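Hi,

Here is the structure I promised to send over. Have a look at it first, and then read on for my notes on what turned up.

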Amino acid sequence: MFRKLLWPTIFISVVLLVYFLISSSIPGHVTKHRLITNDHLANYIAVEQIVQNLAHRNEGDSHERHRQEHAAPKENIFRLCAVADKTNSASYSWIPCKREKTMLSYFPGESSVVEVKSLPGERYLPEIGNGHVATVVQSETIYMNGLYNGLNTTSHRARIPSTAAVKITHIATSENVISKYRMDFGKGVFSEVHVGESFQIQLRRYAHRTLPTLLVTELVVTGASEPVTVSLSVNTGPDSQDINFKHHDMGWFGVMLGETKQAEFPEVAPPTRVTVAYSKVPPNITVSTPTPSHMTFLTSVSLSRMKKGTLFSSHVAGWNLVWRRGSIQLTGNTSMALTTNVALYYLLSSLPLTNDITWPFVGLSPGGLAHGAFEKDYQGHVFWDQDTWMFPPIMLLHAKLGRIIVRSRLRTRTSARHNARQTGFEGARYAWESAFTGLEVSPSRDTAVYEQHVTGDVAWMMRQYLQLTKDVHFLRDDGGYQVLADIANFWVSRVVWNNTGWYEIKDVMGPDEYNFPVNNSVYTNVIAVQSLRSAIYAASLSPGLPVEPQWRQVAAKMFVPLDLEQKYHPEYEHYTRGKEVKQADTILLGFPLEWPMTRQVQANDLDYYMTVTPKGPAMTWGMFAVNWLRIGEKAKADDAFFRGTYNVKGPFKIWTEDADGEGATNFHTGMGGYLQSLLFGYAGFQLHDKGLSLNPSLPPSLKHVSLTGVDYMGHSFDLSYDHTNMNVTLTMSRRQGELTFYLETEKHKHGLKLGQTVMAACQPSVIRVSFDET
């Protein structure tokens, strides 16, 4: 796996392509993103040739636009675009060009827009990203998926000095200017707008949704009947401490060449080479015409194919498609609707739409792709947070993206097997914290040694994936079954047989990181059992896949702590009641682990652990809410649900790990727990080996809920409901003619065809897909 990535050059370019910027086009002969494997000089020459070819190609385009304007002078379809001088970045001219047509057909609307008159500190600024590159707006830093620097436990996201953080520093005008800042989470666009008495200046930034190599900054000036001069600067910050860059001046653009300073594990993969070509932003731009005037600056990992005049519109169309394929609309509480849309946006903006096989997706980190500096925000590492907290809501609404997350664990199977051997066990043991190589990079020796439940969390994620897809190709061809079998074999080698007839797991740390090492952590033992059963389940989906006898034997005889007198689950063997717990641990047995227990035991677990978890991180309360709803205690669920939102800070709905604002910034794990409370709690979705059940109820203060694009077994359906009634509509069927889609209620079984809607009272129901016998 890693041999294929030896000496890759990640082509990270920040290019002001003059006429490319005018038309927002990339000619068809430019190749798509790839890892460059030749030397720096060849990369340097390639960048120069691309820029020259683009400029030459588009000179003819500009003359054609000019001819068309004079032949048919329709001013409403034209704008003026800035053209930089090839030898002097401070010199430019204006030429006519067509306006983009932006089709707006499906967005969350105003419930996804935040507008303020002044900005908070950088910690609470929004981020823009597309799963490949990301940045906090106005930040001096860009991060890229899979780009790390630092030896083993010091591995962290490698900082690229930002050339996308263009700022307006001054507006020279005699008019009064009013400024505002706007984040449109539906379109993934951050804008600052400065309005004079006769003109408007807009500076907008976005990470292109369908061209993952692009970070875009656009300056648009309209209505300037008198000269208006805009002064610009770029917040690149200090030199990178992670990448050795050499700078080359190319006139109107520059090139930085270098490589990361320290490989994570040099014996596995060397330092990563980096080539950065970047635009030079002119210090001043003067506009003196009411015709809309436009200048674009690009930050790009490489050049990608697209149609002319579609830079912004294709980005908007990309987000439009994302929301149409999977979204949550809440009616009755605008603040809750905004929080929900923003949380889903942040998770989606850290995910690519497709997985580049030459530079695959590494995984979701607790702070997302825009965070992860050294000793901050978990350094961009991948934890159980991805598998347990962020994966489920993404998978339910965006199955293709869920598959990308699952494949990030397939990518590191070799490392997980190495981890198991190094620690004296069989099979595969996933690292508590991983980065580029998949080997253990946790700065904490205790979590690295004891917090072994992450291996089971990976297996349970794959079980959920299989329950929603029955993807046999994943099992047989992608290596999914081999990973599940490896994990099962790890647990078989990890357990010990005691003299009372039970298997035990000793010396571990459960999700409660306050108490360790302990014997028989109830969460760890149950996730181990569910891992073994997941391997058995996977084998049942495809005849011929083997099942080891030890898997069933250990699963059937695992010791799971249960206090029969108190009728609750102690967190671990010899747990002392009253001892403080860090976060959701034992309560996860109900959901998501689906461990069988009586209603009384589950209620006792929830009641007790709520009292000893005073400061749990954001995701904890969503799990309390889901589990309270599972046993019909809606009032208690509503209280827990609202408690989780205490971690949402500032106008741009930034999540902090802790309610007091401490911990990781923009805590994606908390967002995942919150979204699960809506989907698996209030909507009542529950995964089964045969069927997807639902039991809708309204979150507090809401009048109506609409879920778009719930994915199940190759189908997609919409669910909308209020206090009394629900509608289920089959909206997509990728396997039409082979399978039949059913909604089963207590008294009826409704077969749905594409486009059909079933209306019923809100009640426990099951979605099933079965072979069409006709």
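A question to start with: what is the order of the strands in the open sheet of five? Going across, the order is E22-E29-E30-E31-E34, and the pairing is antiparallel. The edges are taken by strand E22 (327-331) and strand E34 (757-761); each has a single partner strand, so one side of each is left without a neighbour in the sheet. From one strand to the next, the twist averages 15 degrees. Inside the sheet, strand E30 (residues 715-721) and strand E31 (residues 725-733) run antiparallel and are joined by seven bridges. As a reminder, strands of a sheet pair through backbone hydrogen bonds, either parallel or antiparallel.

Before I go further, please keep in mind that this is a predicted model. Overall, the protein has 17 helices and 35 strands. Of its 774 residues, 61% count as buried. If you take the contacts between residues at least 6 apart in sequence, 69% of them join residues at least 24 apart.

Now the inside. The largest nonpolar core has 183 residues, and those that touch the most other members are Tyr609, Phe685, Leu692, Leu707, Phe717, Leu719 and Ile767. Helix H12 (residues 522-541) gives the largest share of this core, with twelve residues. Another core, of 18 residues, lies apart from it and includes Ile168, Phe199, Ile201 and Ile285.

Phe490 and Trp491 make an edge-to-face pair, with 4.9 Å centre to centre and 65 degrees between the planes. Phe490 counts as buried, at 0% relative accessibility, and Trp491 is also buried at 0%. The pair of Tyr568 and Tyr609 is tilted, because the planes are at 40 degrees, with the ring centres 6.2 Å apart. This pair links distant parts of the chain, 41 residues apart: Tyr568 is in the loop between helix H13 (549-556) and helix H14 (599-611), while Tyr609 is in helix H14. Tyr568 is buried, with a relative accessible area of 2%, and Tyr609 is buried with 3%. There is also an aromatic cluster made up of Tyr378, Phe383, Trp384, Trp389, Trp432 and Tyr523.

Two arginines sit over tyrosine rings. The charged end of Arg463 is over the ring of Tyr537, 4.6 Å from the centre. For Arg577, the ring is that of Tyr608, and the charged end is 4.3 Å from its centre.

Is Asn130 buried or exposed? Asn130 is buried, because its relative accessible area is 0%, under the 20% cut-off. Leaving out residues up to four places away in sequence, Asn130 touches Ala207, His208, Arg209, Leu211, Pro212, Leu214, Ser349, Leu351 and Pro352.

Last, some backbone details. Most residues other than glycine have a negative phi, and most peptide bonds are trans. Here, a cis peptide bond joins Phe516 and Pro517, with omega about -20 degrees; Pro517 is in the loop between strand E24 (503-504) and H12. A cis peptide bond also joins Phe591 and Pro592, where omega is about 15 degrees, and Pro592 lies in the loop between H13 and H14.

As for phi, Gln138 is not a glycine, yet has a positive value of about 70 degrees. Gln138 lies in the loop between E6 and strand E7 (141-144), and counts as buried at 19% relative accessibility. Asn666 has a positive phi too, near 50 degrees. You will find Asn666 in the loop between strand E26 (654-655) and helix H17 (668-682), where Asn666 is buried, with a relative accessible area of 0%.

Best wishes

Note on methods:
Residues numbered from 1 in each chain as written. Predicted model: local features only at pLDDT ≥ 70, side-chain atom pairs only at ≥ 80, totals over all residues. Heavy atoms only, no water. Core = buried A, V, L, I, M, F, W, Y, C linked by side-chain atoms within 4.5 Å. Buried < 20%, exposed > 50% of the residue type's maximum accessible area, 1.4 Å probe, protein only. Helix = DSSP H or I, 4+ residues; strand = E, 2+ residues; numbered from the N terminus. Phe/Tyr/Trp six-rings, centres within 6.5 Å; stacked < 30°, edge-to-face > 60°. Lys NZ or Arg CZ within 6 Å of the ring centre and 35° of its normal. Pairing = 2+ DSSP bridges. Axes fitted to C-alpha atoms, helices over the stretch in contact; angles between N-to-C directions. Contact = heavy atoms within 4.5 Å.
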